[in-house]
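Student: I have a structure open and would like to learn how to read it. Could you take me through some features, one at a time?

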There are 2 protein chains.
Amino acid sequence: MAATKESPIIFYDLASQKNTPWSPNTYKTRLALIHKGLPFRVEYISYPDIAPLMKKLGAPPGSPNSSKFPYTVPVIADPSPEPEGKPIYVSDSWEIAQYLERTYPPPQYPTLFPYGAIAANRAMATALGRTAYNALADLAIALIGTNHVLDERGHEYFMRTREEMFGKPLVEVVKEEEPKWSTEIRSAWATAGKLLDANGPMDQVGPFVMGKHISNADFLIAGLVLWLRCGEGSEGHRWKELLEWDGGRWGEIWKAVEEMETRSTEV
Amino acid sequence: MAATKESPIIFYDLASQKNTPWSPNTYKTRLALIHKGLPFRVEYISYPDIAPLMKKLGAPPGSPNSSKFPYTVPVIADPSPEPEGKPIYVSDSWEIAQYLERTYPPPQYPTLFPYGAIAANRAMATALGRTAYNALADLAIALIGTNHVLDERGHEYFMRTREEMFGKPLVEVVKEEEPKWSTEIRSAWATAGKLLDANGPMDQVGPFVMGKHISNADFLIAGLVLWLRCGEGSEGHRWKELLEWDGGRWGEIWKAVEEMETRSTEV
């Protein structure tokens, strides 16, 4: 069953101009694969190609209840245990994390869910989703679009579908969201930070969502930092400010993820 | 600092006809005290006496942002470390749990938050609140009222304030909620059960919210079982059905809590 360097897991990510990670959702899967120490190869897909490719591969839809965009990434293809067997396709970052934990279990492979507290990890991700993610999403989407982060075909598709979603040009969305940076967005992140403060003093109990040990829920935070950084460019001021917010908690998580990336299992 | 049998923690709970526990919120605190092994004495307060008593004692409001009912129970009075000192008053079941964990820390006292995952425990409680608690609350409140569970003065106060809240007689609320038992209510609990199923097979990883170890978040579930049981009477069919729902998970949690009650530290 185990993926190898010769027969790695295929990880379907979103294309960009430079084909480097930028999407918060797929980044969670990338980090899960690295954390587990699993060899993987990235296939970057342009937005309009997702549905046709996934249908062709026979991968399940990631959002089966969304009639508009049922096929999404991340998707992984885990090589079959049979020499000529069809790979196992898994869609949706949460489903993928659960699949990886089951298929490549601790202690042989590092855990995505310390203490086996999988439901609690999911509830934390939901709590961070309601606060940190929701507050940042409109600004990040609008920056990704207006700064032309994606490949040409993906960009055209993204602009068209997102402007339809917002009902206005993304350049307008940036203008509306900018003043929220130090107010609503800051405040939502502070709420998330305050929840995590319940764990105790960071220097004693660790900065991570589950305390001492990095876990799947932290990858959501890392995805948000990446999203903003790609959206405004690495010289932007906001993503650097964010790393300082809430006692530097988000910076500590980001630092740990940067260190993980130096040990990437991408082949 | 440590409470003793001679100088126990005073736990302010809600009065009832028989002065036995019935409120889901205060029950969480009762169970936290028992789980920690801390001697406590219960003072049952009638609803209309809460605010005047707490003001007299100098206890902080439990819901400072609620202009209508700022003073609530549970409240605890932890004896002062000084012989003649004023006790430390703590209000609100979440604040109390955090206070107890800090003041009577593991490993000397059993932990309310396994693995130090305090924020995750809180997020689980929020997730259970949005599903299990919210779905059951109207029915449970209406049953507590219409079946006259409370002491006379408390009952009068409860009926008046709750009927004002619902804008209709509680007997009407019971009628409206009854058909939801097997539909909305059942479905919301199934959602909570499905989240907990993510932890893995119950017989291997344990039935509790955090898996193997009972924790503060489980006391919320126990409080809901108690609430319904007191509301419909111990011969009622619903609370017994509930124990069977979702693979018997709620029944397993309730059984553990019943076992805890046999080791009660109430003095």
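Predicted model: local features only at pLDDT ≥ 70, side-chain atom pairs only at ≥ 80, totals over all residues.

Student: Let's begin with domains. What does the domain assignment give for chain A?

Tutor: The assignment gives domain 1 as residues 9–111 and domain 2 as residues 116–262 of chain A. Taken over C-alpha atoms, the centres of these two domains of chain A are 21 Å apart.

Student: Which annotations does UniProt list for chain A?

Tutor: An unreviewed UniProt entry has "domain: GST N-terminal" over residues 22–102 of chain A. That stretch is 38% helix and 17% strand, with its end C-alpha atoms 27 Å apart. For residues 126–259 of chain A, the unreviewed entry lists "domain: Glutathione S-transferase UstS-like C-terminal". There the chain is 78% helix and 0% strand, and 25 Å separate the end C-alpha atoms.

Student: How do I read the contact between two parts?

Tutor: The size of an interface is often given as the accessible area lost when the parts come together. Between domain 1 and domain 2 of chain A, about 2500 Å² is buried, and carbon and sulfur atoms give 65% of this area. Three residues, A:W22, A:Y47 and A:W94, supply 26% of the area that domain 1 of chain A buries against domain 2, more than any other three residues. In terms of residues, 23 from domain 1 of chain A and 30 from domain 2 of chain A take part in the contact.

Student: And how many residues of chain A are in contact with chain B?

Tutor: In that case 18 residues of chain A are in contact with 18 residues of chain B. The area buried between the two chains is about 1400 Å², with 69% given by carbon and sulfur atoms. On the chain A side, A:Y115, A:A119 and A:A198 lose the most area to chain B, and together they make up 32% of what that side buries.

Student: Now the rings. How is a pair of them described?

Tutor: A pair of aromatic rings is described by the distance of the centres and the angle of the planes. A search of the whole structure finds 26 aromatic pairs over all chains. Take A:Y47 and A:Y157: their ring centres are 5.5 Å apart and the planes meet at 20°, so this pair is stacked. A:Y47 sits in the loop between β2 and α2 of chain A, while A:Y157 belongs to helix α5, so the pair ties together parts that are 110 residues apart in sequence.

Student: Are these two tyrosines buried or exposed?

Tutor: A:Y47 counts as buried because its relative accessibility is 15%, and the cut-off for buried is under 20%. A:Y157 is buried too, with a relative accessible area of 17%.

Student: What kind of pair do B:Y47 and B:F158 form?

Tutor: That pair is tilted, with 5.7 Å from centre to centre and 40° between the planes. B:Y47 is in the loop between β2 and α2 of chain B and B:F158 is in helix α5, 111 residues apart. B:F158 is buried, at a relative accessible area of 3%. Both residues belong to one aromatic cluster, formed by B:W22, B:Y47, B:F69, B:Y157 and B:F158.

Student: Which residue lies over the face of B:F69?

Tutor: B:R162 does, at 5.7 Å from the ring centre. In chain A, A:R162 lies over the face of A:F69, also at 5.7 Å from the ring centre.

Student: What should I look for in the backbone?

Tutor: Most residues other than glycine have a negative phi, and most peptide bonds are trans. Here, a cis peptide bond joins A:V73 and A:P74, with omega about 10°. A:P74 is in the loop between α2 and β3 of chain A. The bond from B:P106 to B:P107 is cis as well, with omega near 5°.

Student: Which phi value does A:D246 have?

Tutor: A:D246 has a positive phi of about 55° although it is not a glycine. This residue is in helix α10 of chain A and is buried, with a relative accessible area of 17%. B:Y115 has a positive phi of about 65°. B:Y115 is found in the loop between α3 and α4 of chain B and counts as partly exposed, at 30% relative accessibility.

Technical notes
Residues numbered from 1 in each chain as written. Chains lettered and ligands numbered in written order. Heavy atoms only, no water. Phe/Tyr/Trp six-rings, centres within 6.5 Å; stacked < 30°, edge-to-face > 60°. Helix = DSSP H or I, 4+ residues; strand = E, 2+ residues; numbered from the N terminus. Buried < 20%, exposed > 50% of the residue type's maximum accessible area, 1.4 Å probe, protein only. Lys NZ or Arg CZ within 6 Å of the ring centre and 35° of its normal. UniProt positions renumbered as here; feature names shortened; annotations may be inferred. Domains from an automatic or database assignment. Contact = heavy atoms within 4.5 Å. Buried area = accessible area lost by both parts, 1.4 Å probe.
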